[in-house]
Amino acid sequence: MKTTESNIDIALYERFGEDFDRFRFPAEVYRVTSGRGGEALLIIGSEKTALYDCGMAYCGEDTADNILEVLQQLKEQGRIGRIMLDYILLSHSHYDHIGGLPYILERFPEALVFGSEKCRDVLHRENARKLIRELGEEARALYTPGNHTPLKMDPLKVDIVMKDGDTLSLGNETITAYETKGHTDCSLSYYLDPPGLLFTSESTGILEGEDYVHTPSLKSFPDSIASSYKCEELHPAYVCLSHFGMIPQEMNKDYFALFREECQSKIDYVDEMMHRGLSHDEMLANYLVRYWTPLKESEQPYEAFKINSEHILNALIKAVKEGK
C-alpha cells in the first residue's frame, strides 16, 4: 500500500514503546491512509464494509487504491465474498477528513455517505467548499511540492444523515453514531460493536505523548467537555483517537479525564492572559508560540494550525467569560 511514515511521525506520536502499534486494531479494521494529515480506516463487517473518514484530497487517489488493494487481498484470501465499499462514515466536514471523498466515490460510486445533518448542510455552502479547496491546496504544496494537479471537489456530500444514537448494520456488527460537538457542530463519533471500539471525533482531543492531549475545540470547550463525558460513559473496550489511532487499553480509564484537565489548563491560560489585559492579537501570538512545534507540520500545515488556533482562542475566551 501507498503509506507515509517518518521519524517525524514517530517523534510526535510513537510514545508507548516499540511493542505498541497504534494501528493494530481489535477487529477487521485496516489503515488505508495514503499521505500525511488525515486518516482513513477501512472497517470489514461480516456482510458490509465501511470507510471511516477519507483523508486529504492531494492523496485521495492513492487512498482509493489502498482501499481496493485491501479488498482484493481479502477476496483472494476468501475472507470477503465481493469487492465493494458499502458505506463511508464522515466524522465531520473539515478538509483533512473529507478531501479524499470525491476520489473514493469515483472508484466506488455506489457507496453511501453518512454524516451529521450539520455536516450535510456545511458541504452545500460555497464559502465552506472554498476553504476546503484552499486548505487542500496548502496541504498539497506542503506534502507534495511541485504538484499542481487540480483537486477534485465533487461530490462532497452526505447521502444519509446520522443522528445521535442512530445505528448502521454491517451484518453481525453494528455501528452507532454519537453526536460529539466541540471541535465542530457537525462532529460525530462512531462505536463499533463488537468489539466495543470507539472511533472518537476531534472534539475529544488528539494524544501527543503519554500525558499531553491536544484540545482542538474550535467551537465550544463546554461542548467538548460534555462530549468527553458522553464517550467515557460508553465504557469502550477500545478507543481510536482521530489523527492518532489506538491508545493503550490501560489508558481508556484515564484518557477523557486527561483531556478535560488539558481543556481546563487552556481555559486558565487564556484567563490569565485576559487578566493581564492582552489584546486578542497578543493572545493569539502567545498561543501560537506556546502550542506550535515543527513536528506538528507532519500532520497539519502551519496556515491551517493558525486558522484553527484563532477559532480555539475565541472558544476559550467565550468559555472564560461564561465561567465568570
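Seven nonpolar, two polar and two charged residues make up the lining of the second largest cavity. This is a predicted model. The second largest cavity holds about 60 Å³ of space. Its lining residues are A57, Y95, G99, P102, I132, R133, G136, L151, K152, M153 and L156. Helix α6 (residues 126–143) gives the largest share of this lining, three residues.

The structure has three cavities of 30 Å³ or more. The largest cavity contains about 80 Å³ of space. Among the residues lining the largest cavity are E39, L41, Y52, D53 and H97. C240, L241, S242, H243, F244 and G245 also line the largest cavity. By class, that lining has five nonpolar, four polar and two charged residues.

Now the salt bridges. The count is 16.

| Pair | Distance (N to O) |
|---|---|
| R79 and E28 | 2.9 Å |
| D86 and R82 | 2.9 Å |
| D121 and R120 | 3.3 Å |

The salt bridge of R79 and E28 links distant parts of the chain, 51 residues apart. R79 lies in the loop between α2 (60–76) and β4 (87–89). E28 lies in the loop between α1 (7–13) and β1 (29–31). R79 is partly exposed, at 45% relative accessibility. E28 is partly exposed as well, at 31%.

In the second pair, D86 has a relative accessible area of 10%, so D86 is buried. R82 is partly exposed at 35% relative accessibility.

D121 is partly exposed at 32% relative accessibility, and R120 is partly exposed at 28% relative accessible area. A network of salt bridges links E117, R120, D121 and K163.

Conventions
Residues numbered from 1 in each chain as written. Predicted model: local features only at pLDDT ≥ 70, side-chain atom pairs only at ≥ 80, totals over all residues. Heavy atoms only, no water. 1 Å grid on protein atoms, 1.4 Å probe; cavity = no way out; pocket = protein on both sides within 12 Å on 5 of 7 lines; lining within 4 Å. Points joined across faces, edges and corners; volume = space filled by probe spheres on them. Nonpolar A, V, L, I, M, F, W, Y, C, P; charged D, E, K, R; others polar. Helix = DSSP H or I, 4+ residues; strand = E, 2+ residues; numbered from the N terminus. Salt bridge = Lys/Arg side-chain N within 4 Å of Asp/Glu carboxyl O. Buried < 20%, exposed > 50% of the residue type's maximum accessible area, 1.4 Å probe, protein only.
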